[in-house]
Structure formats: structure tokens, C-alpha cells
Amino acid sequence: MTTFQRHRRMRSSETMRQLVQEHSLQMNDLIYPLFISELAEIPQEVPSMPGIFQLPLAALEAEILEIQNLGIKAVLLFGIPKVKDSSGSQAYASDGIVQEAIQMIKSLAPQMLVIADTCLCEYTNHGHCGLLNHAGYVLNDESLPLHCQVALAQAKAGADIIAPSNCMDGCVAAIRQALDRNGFELIPVMGYSNKFASSFYGPFRDAADSAPKSGDRKSYQMNYANNREAIRELMSDIEEGADFVMVKPAMAFLDIVKQTRQLTHLPIVAYNVSGEYAMVKAAAAQKWIDEPQLVCEILTSMKRAGADLIITYHAKELAQWLK
Ligand code: PBG
């Protein structure tokens, strides 16, 4: 008689299944993005992201206290300035909206970890992540000093982690050097090491008012068809001194998360982006799926693939479900 394995022995009860469960979601894993707006007077819900709001500074205190009560320990900040210009100067102004938000959060909730997204697209009048030349091409080396200025303004305001999402070559190295030269050698850099040019960012660009006015981001963000290029990008961020590495988007890129896990011992962050959130919300609104179960399945898959941390718009509701 041929023998076979009786795998179902290990699934005989809920307790047994829990005993042999390999991965799980914890509050320590979650990072919650916040959109702070200089234009909103009251919280404005983002139509393509139900449950996510553009917040005026005046609403930030209540939000932070709520987040803290839910057990969320880290936030990622994006800013929507009143004034935009060709160099995105509000991104590095000492009284820019994100700098003010950072100061406010650190005084209200000193234990809350504040991660500052370092980019220009929300602040430039053309919507690109760096300076443009006459032909509309995003300049790399000329943009780096600006990104360093943004990072320094954020660090001076009290940011705990600098997260450059602009995808300029050499940005992690440039920011690391700028931080070190200004007494911020203990501030880590979270590299957006594998950031793919993606249609999953659509709702975010509504939320952050950051869509490019012309063209796209394909000259600086990665081609989603590429795997070996992802390894080269990862390796250069590691060599440049990244303390965390990121894969973004997450759901359609779990192979990249897994590959990253095999290539580095650094903490890996998976960004469960706006379009992934919007798809779940749209299906849930139709009652086509069981939302809490689906969200747990999606986010646990990111852990299983090798992510240590997950940036997710579901963090607040997940905190309630986990309770
Ligand atoms: C800015 C930035 C983007 C996201 C985070 N930082 C969008 C983009 O590249 O246009 C997307 C996040 C999301 O979709 O949730 N460069």
C-alpha cells in the first residue's frame, strides 16, 4: 500500500491551527499614512479612498490620540501645501506643512514614530518628483540637493525616519551624507528601493494632489516587468547606506518581496498602496467580499513573503479587528 501524509491532522481544531501558524500580523508591524493639508479646513474624505481623509493641522491632535489609543506606533506623513512652485520649496520650508505636523505629533505623542516621506511631487507645480529641464525631463543630480534639503528640514522638525520616495539615483547616499554632516547620524533612512511605476498609485495622487501634469514617472520609477533590475536597485540602496528597504506596490509584487528577503538581512517594508486599498474598499462596498478576512489574508501574505513591516491604509480598522 502506498503511504500518504495526513496533513489534516494539523488542522483539526482552531487551537491546533493556531499552534502551527507560521506568520501573523501584529500592531508592531504597521505603519499608517497620514495626509496633512494646508488647504482643507475640516477633514476631507478622499473619494477614491473611503475612510482616508486629508487632515488640516487643527484636526491632527484628535487623529493622533485616536491612532495612539488603537495601538498604532508609526505614521508616514505626506503634505499638501497651499502654494506649489517649480522647485517644490514648501517641501523644505521650515514652516512647511509636514514640518509643522512633525513638530505637533512629537510634542503630543513623543513615543509615536514619525516617518517623513521625502519627495517633491506634492509640492511642485508640475507634479514631478524632481526638477524639470526645458524638455520636461526630470533631472537627477540637480534634484539631489533639494531632496537633501527636504530631509534636513524634516529631521530638524523631529522626524524619526527619513523615507525618500523620489527614486532619484544616489538619493540614499546623498541624504545619508547630509544627515551625518548635520548631526543626524542616528536618523535612519528608509529606501524606497524597489518602487515600480504603477497604476496602483492613482488614488494616492488624488489624496496628495500629486499627479504629474505632463508625462509619467517611468524615467525614474521602475518597470514592473523587471526582476533583475530590482536586484540592482536594491543592492545600490544597501551600498548607499539604507537602514530599511521597501517594495512598492506590495500585492502584485510579492515575488519581489520574497526575492528581497533572500538578498538582505535589513528590515523589509511592504507598501500596501492606495490602489490596493481602493480595490478592497470597492468590493467591500458591494458586499462581494468579507473585508476583515480579506485584509488579514492580503497583509499576512506580505509577512509570509518576507516583509517585516507593512505600510497600510487599513491600519486603523485592522487595529480594531485584531482586538
Ligand atoms: C510620491 C509617492 C507616491 C506614493 C507614495 N509616495 C506616488 C507616486 O509615485 O506618484 C504612492 C502611495 C500609494 O499609492 O499609496 N512619490
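Which residues is Glu317 in contact with, leaving aside its neighbours within four places in sequence? In this predicted model, those contacts are Tyr277, Lys281 and Glu291. Glu317 has its place in helix α11, which covers residues 315-322, and Glu317 is buried, with a relative accessible area of 18%.

**Helix α4**
- Helix α4 spans residues 144-157, and its 14 residues reach 20 Å from the first C-alpha to the last, close to the 20 Å expected at 1.5 Å a residue.
- Because eleven of the 14 residues of α4 are buried, this helix is largely enclosed by the rest of the structure.
- Among the buried residues of α4 are Leu144, Leu146, His147, Cys148, Val150 and Gln154, and the buried residues of this helix pack against α3 (97-108), β5 (113-118), β6 (161-164) and α5 (171-181).
- The residue that follows α4 is Gly158, which has a positive phi, near 115°.

**Helix α3**
- Helix α3 has twelve residues and reaches 16 Å from its first C-alpha to its last, close to the 16 Å expected at 1.5 Å a residue.
- The buried residues in α3 include Ile97, Val98, Gln99 and Ala101, together with Ile102, Ile105 and Lys106.
- The cover over the buried residues of α3 includes β1 (30-37), α2 (60-70) and β4 (74-80), as well as β5 and α4.

**The largest nonpolar core**
- The largest nonpolar core holds 106 residues, of which Ile31, Leu34, Phe35, Leu77, Leu179, Met190 and Tyr271 touch the most other members.
- Helix α4 contributes the largest share of this core, with nine residues.
- Not counting residues up to four places away in sequence, Phe35 touches Ile52, Phe53, Gln54, Leu55, Phe78, Ile80, Phe204, Ala207, Ala208 and Tyr313.

**Cysteines**
- With a disulfide taken as a pair of cysteine sulfur atoms within 2.5 Å, the count comes to zero disulfides.
- For Cys129, the closest cysteine sulfur is that of Cys119, and because the two sulfurs are 3.5 Å apart, they are too far for a bond; Cys129 is buried, with a relative accessible area of 0%.
- For Cys148, the closest cysteine sulfur belongs to Cys171 at 6.4 Å, which is also too far for a bond, and Cys148 is buried, with a relative accessible area of 13%.

**Ligand surroundings**
- There are 18 residues around the ligand, and those that come nearest are Arg205, Gln221, Lys248, Ser274 and Tyr313.
- An N or O atom in the side chain of Gln221 is 2.7 Å from an oxygen atom of the ligand, and a polar side-chain atom of Ser274 lies 2.7 Å from an oxygen atom of the ligand.
- The side chain of Ser165 has an N or O atom 3.5 Å from a nitrogen atom of the ligand.

**Lys213 in its loop**
- Lys213 lies in the loop between α6 (202-208) and α7 (228-239), and Lys213 is exposed, with a relative accessible area of 57%.
- Although Lys213 and His126 are 87 residues apart in sequence, their C-alpha atoms are 5.2 Å apart in space.
- Leaving aside its neighbours within four places in sequence, Lys213 is in contact with Asn125 and His126.

Definitions and conventions:
Residues are numbered from 1 along each chain as its sequence is written. This is a predicted model: local features need pLDDT of at least 70, side-chain atom pairs count only at pLDDT 80 or more; totals for chains, interfaces and linings use all residues. Side-chain values use heavy atoms; hydrogens and water are left out. Helices (H or I, at least four residues) and strands (E, at least two) are DSSP runs, numbered from the N terminus. The expected span of a helix is 1.5 Å times one less than its number of residues. Buried means under 20% relative accessible area, exposed over 50%, partly exposed in between (1.4 Å probe, protein chains only). Contact means heavy atoms within 4.5 Å. A nonpolar core is a set of buried Ala, Val, Leu, Ile, Met, Phe, Trp, Tyr and Cys residues joined through side-chain atoms within 4.5 Å. A residue is near a molecule or strand if one of its heavy atoms lies within 4 Å of it. A polar contact is a pair of N or O atoms within 3.5 Å; within protein, one must be able to donate a hydrogen and the other to accept it, and residues adjacent in sequence count only if both atoms are side-chain atoms.
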